[in-house]
Amino acid sequence: MKIIIRLCLYSLLFCSSLPFFGSGTDQILIPLSNPDKPGTVSINHYKGSIHVTGYSGKTVMITANYRNPTNSNGMKLISSSAVTLSATEKNNVVVVKVNSYRRTIDLDIRVPYEFSLIISNDDNGDILVRDVSGVFELNNNNGDVKLFNVSGSAIISTIDGNILTDFINVDPEMPMALSTIEGQIDMNLPGNANISLKMRTEYGEIYSDFNINIDKRKINIRKHKNTRSTNITLDGWTYGKINNGGPEYLIKTLNGNIYIKKKK
Amino acid sequence: MNTDNELMLQLKEGDLDKLGILFERHKKNLFGFFFKITYDRDVSEDMVQEVFIKILKYKDSFRGYGKFSTWMYSIAHNVSVDHFRKQNKYVFSEDSERLISVEDHDHELNTIRDERFDMLNRAMLKLVPDKREILTLSKIDGLKYKELGRILNCSENTVKGRVFRALKELKNIYSKMEVPDK
Amino acid sequence: MKKEIIEKWMAEFLSPDISEGEKEELKGKLIQSGYDKFELEDMENLYSMLDEIDVPETSNKLDMNFYRSLELYKDAISDKSSHFGAFISSIFKKKYVLRFTYSLTLVVFGWYLGSWSGRIDNNNVKIQLMSQEISQMRQVMIYTMLDQPSAMKRIKAISYADEFENVDDKILNTFLDTLNNDPNPNVRLAAVEALSRFPDIQFVREGLVKSILKQESPLVQVALIDLMLKLKEKASKKELTRLLENRDLNYSVRSKTQETIRLL
């Protein structure tokens, strides 16, 4: 069974024939081939923010908001041929195409609770994921990546942004990787997770309120008494285990701090 | 509880975890089978592993008409044939040293029993691998001569003849050992 | 009496699948055809002793190897059927199937060749070949996994391969390939980490040095520059100097590069 839906909406800014959407907005709904099964959304964005939220529906809902519809001379954009929002769906995999090279477009996406995301973005906005369970591959060069109330596993990279993850549950089989150059990494994990950590920050420090079992063969430990958390800052890599250890989480930043927090 | 055949069919459908159940059910017997032919623990474990890899590889050739164990042992038989084909002429000169080292690991048993089994093991190793195999196969629970024929690709009567001749030879070797030659 | 018939009777007599009555009957027939009663008993005793041959317990290694292989196999093929694999599967599938078949053919062919050459060698060859097949099987799985559209699977593939006792040149080349071509920076980072364990292998060292200029993500650049310093790889000075010529170079990467050149 192969269903391909191709939706192309050439946006008519400010002249939308659908008054419901208001101005500067496009919206498409993408039904799934198997509405009862998990799916994946894949987006290669250029400029703008991407906010994904899980909801109880069975379709993927994408709303594109065009930022700064007024140009520097106060002229309003009436029509643009360059801006398009389109999506294809096949076997529950939704590939979204947004032509955001010229303009900044903020995307607001609703997906069923069990959904995986493959998202990359370059500039002008953060990637924010809320209430979804799945596998998250997120790259945002110049913005933050934040996950709230999620389950599953994540591979996240950013250059200038911070990374914040708030996992209710983690996949016991899957490794994770979080890396940034300039930002700080804030990882919230369930207290009973079994994880092996491999962490590194060049100019920052590592903090945790977990009772992390540091691998002594590989490093030396230094403790700060005046912090509530145990400070385990070191040169090079820091290896540690939470509870019994498990899949390896690689956590790396150059200039930021790393926080591994127990989810309360 | 699912039968082996049901598990195999589910495996063919793509439920690969079912191989784990089959592995747990049969690893011990398969290992015993290989061990009594090779008298080498490491080799036997590798052979068990190989059988299961082959089950995975060739799962689609399992039709589900015959018994799973028959099919599994025919794969095991091929693994064993391959093993000995490679050693061929060189193998059964003197394997006793290896045997001793195997026994060293084992805890002390009743000495008399020990001696008898020591002799039996030595006698087994003096047989050609084919004969060790047919004897071992014929002792596996639930495999009848007819099924052995399928495994070894020969008639039921041929199997019977081979079992008998192998046992007779084993007995001859064993009897000679019984005469104290110290 | 024909020899075959006696053999048949004897085999049936020894079989556990006959009733007591049949057994007595066969015993009578055998004695009539010249068998001594004690001889029969001896036969029977010896045959039953075969059941009691001491067989050692299987080791944990057996279980470990089996389940590891099964996991690898599952990982390798799971994406074919799951929702995840549908993504770009139209592009990947053909290549994937082809490559997998090709690798399997190689394995089988190698096995066949091995079985020929093995004849002239001693019995260790068999053991080697067997573990070779198993490790080849695993390698096939690694390659298959590295072909997956899921970055998570690719990272997992690298961490699996990392655990191999014998990592061969082919695997290392695959890692180098991943380092230079994988679209996901975190997967590339994992490749750097895996390769950093083989500094004594000349082509790995050279490959790492050459890779510096091929990287666009500051994350990977930083990892490689770090590694150069750790390995005290003077040969990388040329690449590092050329890296500085890139005007778009990330600020942190630039200062790190300058520092590293100085220290080398």
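pLDDT is the predictor's confidence in each residue, from 0 to 100. This is a predicted model, in which local features need pLDDT of at least 70, side-chain atom pairs count only at pLDDT 80 or more, and totals for chains, interfaces and linings use all residues. Residues are numbered from 1 along each chain as its sequence is written, while chains are lettered from A and ligands numbered from 1 in the order in which they are written. Here is a quick tour of chain A.

**Confidence**
- Chain A has an average pLDDT of 81, and 77% of its residues score at least 70.
- Under 50 is where pLDDT stays over residues 1–22 of chain A, a stretch with 45 contacts beyond four places in sequence (a contact means C-beta atoms, placed from the backbone, within 7 Å).
- Residues 216–235 of chain A also stay under 50, with 28 such contacts in the model.
- Strand β1 (residues 5–10) of chain A has the lowest confidence, a mean of 38, and strand β10 (residues 127–130) of chain A the highest, at 97.

**Fold**
- Chain A holds 22 strands and zero helices (DSSP runs numbered from the N terminus: E of at least two residues for strands, H or I of at least four for helices).
- Buried residues make up 43% of the 264 in chain A (buried means 20 or more other C-beta atoms within 10 Å of a residue's own, C-beta atoms being placed from the backbone).

**Contact with chain C**
- In this pairing, 27 residues of chain A are in contact with 20 residues of chain C.
- Elements of chain A giving two or more residues to that side include β3 (39–44) and β12 (145–158).

Conventions
Two residues are in contact if their C-beta atoms, placed from the backbone, lie within 7 Å. A residue is buried if 20 or more other C-beta atoms lie within 10 Å of its own, exposed if 12 or fewer, and partly exposed in between; C-beta atoms are placed from the backbone.
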